[in-house]
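Please look over the model below.

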Amino acid sequence: MTRAVLSLGSNMGDRMATLQGAVERLLAGDGAPRPVAVSPVYETAPVGGPEQGAFLNAVLVVDADGEPIDLLRRAQAAERAFDRVREVRWGPRTLDVDVIAFGEVRDDDPELTLPHPRAHLRAFVLRPWLDAAPGAVLPGHGPVADVLARVAAADTAGEQELHRRDDLRLRLPEGADG
């Protein structure tokens, strides 16, 4: 088993229902990863791309068998199940699932670069990850707490402001740990 981190985001339709459905789909079926933790939900402004609505974001930490590409395929299947359309780079989406880290794997494969090439720049990934796994380390960048502190210090314009939504809570499937 390898500890892996998935980032979840949605800014179209019933965002919370989509995130909850994604958690359930990612953790269901043969070969499903075992849940370790799910973060609180954050509301965030979109980063890059065209003008669009706010995102709900969360992080799911899992223990996965197999290879990183297997987890990517599972993430892509979840996106398809929620009608993800890739028309505009960084455009609005029903569901975005990114494999952020897969153990200590570092790989520049264009299909799945690990760790995620922009994770160290994005508070909407780092803050929920830190909540879900306080001692986490982003391979090649150091402790997530330190990386988040650098992002916060560099964000003088407040473009990566996060709002924790304590009124929203993702649930792991019945009987799942976390």
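1. Is Asp131 buried, partly exposed or exposed, and at what relative accessibility? This is a predicted model, so the answer is a computed one. Asp131 has 24% relative accessibility. Buried requires under 20% and exposed over 50%. Asp131 therefore counts as partly exposed.

2. Asp131 has a charged partner. Its salt bridge is with Arg164, and the closest N and O atoms are 3.9 Å apart. The cut-off is 4 Å. Asp131 belongs to helix α3 (residues 123-132) and Arg164 to strand β8 (residues 162-164), so the bridge ties together parts 33 residues apart in sequence. Arg164, at 45% relative accessibility, is partly exposed.

3. Helix α3 itself is mostly covered. Eight of its ten residues are buried. Among them are Phe124, Leu126, Trp129 and Leu130. Ala123, Val125, Pro128 and Ala132 are buried as well.

4. Now the other salt bridges. The count for the structure is ten. One of them pairs Glu43 with Arg15, with 3.0 Å between the closest N and O atoms. Glu43 sits in strand β3 (residues 42-44) and Arg15 in helix α1 (residues 15-26), so this pair links distant parts of the chain, 28 residues apart. Both Glu43 and Arg15 are buried.

5. The Glu43 and Arg15 pair is part of a network. Salt bridges link Arg15, Glu43, Arg165 and Asp167. Elsewhere, Asp96 and Arg93 meet in a salt bridge at 3.5 Å, N to O. Asp96 and Arg93 are both buried.

6. Next, the nonpolar packing. In soluble globular proteins, nonpolar side chains tend to be buried together. Here the largest nonpolar core has 28 residues. Leu6, Leu26, Leu60, Val97, Val99 and Leu170 have the most contacts inside it. At least two residues of this core come from each of β1 (2-10), α1, β4 (55-64), α2 (68-81) and β5 (96-102).

7. Which residues does Leu170 touch, leaving aside neighbours within four places in sequence? Its contacts are Met16, Leu19, Gln20, Val23, Val38, Val41 and Ala58.

8. How many cavities of 30 Å³ or more does the structure hold? There is one. The space in the largest cavity is about 40 Å³. Its lining is made up of Thr44, Ala45, Val47, Ala123, Phe124, Glu159, Gln160, Glu161 and Leu162. By class, that lining is five nonpolar, two polar and two charged residues. Ala123 and Phe124, named in this lining, are also among the buried residues of α3.

9. One peptide bond deserves a look. Most peptide bonds are trans. The bond joining Leu114 and Pro115 is cis, with omega about -10 degrees. Pro115 lies in the loop between β5 and α3.

10. Last, a residue in helix α4. Ala152 is placed in that helix (residues 144-154). Its relative accessible area is 51%, so Ala152 is exposed. The cut-off for exposed is over 50%. Pro128, by contrast, is one of the buried residues of α3.

Technical notes: Residues are numbered from 1 along each chain as its sequence is written. This is a predicted model: local features need pLDDT of at least 70, side-chain atom pairs count only at pLDDT 80 or more; totals for chains, interfaces and linings use all residues. Side-chain values use heavy atoms; hydrogens and water are left out. On a 1 Å grid over the protein atoms alone, a cavity is a set of points where a 1.4 Å probe fits but cannot get out, and a pocket is an open set with protein on both sides within 12 Å along at least five of seven lines; lining residues have an atom within 4 Å of a point. Grid points are joined across faces, edges and corners, and a volume is the space filled by probe spheres set on the points. Ala, Val, Leu, Ile, Met, Phe, Trp, Tyr, Cys and Pro count as nonpolar, Asp, Glu, Lys and Arg as charged, and the others, Gly among them, as polar. A salt bridge is a side-chain nitrogen of Lys or Arg within 4 Å of a carboxyl oxygen of Asp or Glu. Helices (H or I, at least four residues) and strands (E, at least two) are DSSP runs, numbered from the N terminus. Buried means under 20% relative accessible area, exposed over 50%, partly exposed in between (1.4 Å probe, protein chains only). A nonpolar core is a set of buried Ala, Val, Leu, Ile, Met, Phe, Trp, Tyr and Cys residues joined through side-chain atoms within 4.5 Å. Contact means heavy atoms within 4.5 Å.
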